[in-house]
There are 2 protein chains.
Amino acid sequence: MNMITILGLSAAFCTTVSFLPQAIKTIQTKDTSGISLSMYSIFALGTLLWLLYGILSDNFPVMIANGITFLFAVVILAYKIRFK
Amino acid sequence: MNMITILGLSAAFCTTVSFLPQAIKTIQTKDTSGISLSMYSIFALGTLLWLLYGILSDNFPVMIANGITFLFAVVILAYKIRFK
């Protein structure tokens, strides 16, 4: 595994894992007043497109990162819609 | 420009643009109670690493998307720290 792949996996780890504390906070507090519905709607779509891009371009870090991030984004979006 | 590049640019557009309504909402309302400090700390670092990955792997969609997203994330993070 070369340096660029390690960098990509580190990046993927951070941007993916970052949504976990937000999802936990949102699930626990149901405080979604400061969260933007537009952001999570467009972001969920975007991560889905990144996932397809990763699959089609055979780019492992893009693929795995966005597949997981998409799931976190959908959870946060669902709470925003339910508890806005 | 082939189909995969167009898909990557569409993904980049969505995940980048999505943070704009969140940044505007946060700036206007200063309501950061539901926003996770951990998320934006780790996410800002992650987008910075993605930017480096995009530059080193000569991947234009990854590069441009994460450069802009990093800036939005830093603005939201700054408001979270200032108005928590």
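## Cavity lining

The lining of the largest cavity holds 9 nonpolar, 8 polar and no charged residues. Nonpolar means Ala, Val, Leu, Ile, Met, Phe, Trp, Tyr, Cys and Pro; charged means Asp, Glu, Lys and Arg; the others, Gly among them, are polar. This is a predicted model: local features need pLDDT of at least 70, side-chain atom pairs count only at pLDDT 80 or more, and totals for chains, interfaces and linings use all residues. Residues are numbered from 1 along each chain as its sequence is written, chains are lettered from A in the order in which they are written, and side-chain values use heavy atoms, without hydrogens and water.

## The cavity

The whole structure has 1 cavity of 30 Å³ or more (points on a 1 Å grid where a 1.4 Å probe fits but cannot get out; lining residues have an atom within 4 Å of a point). The largest cavity has a volume of about 210 Å³ (the space filled by probe spheres set on the points). Of its 17 lining residues, A:Trp50, A:Asn66, B:Thr15, B:Trp50 and B:Asn66 are closest to the centre.

## Interface and symmetry

In all, 38 residues of chain A contact 38 residues of chain B (heavy atoms within 4.5 Å). Of the interface residues of chain A, 100% are also interface residues in chain B, so the copies meet through the same surface.

A rotation of 180° with 0.0 Å of shift along its axis superposes chain A on chain B, RMSD 0.0 Å (least squares on C-alpha atoms of residues with pLDDT of at least 70 in both). The two copies are thus related as by a two-fold rotation axis. A:Gly34 comes closest to the axis among chain A residues, at 2.7 Å (C-alpha).

Definitions and conventions:
1 Å grid on protein atoms, 1.4 Å probe; cavity = no way out; pocket = protein on both sides within 12 Å on 5 of 7 lines; lining within 4 Å.
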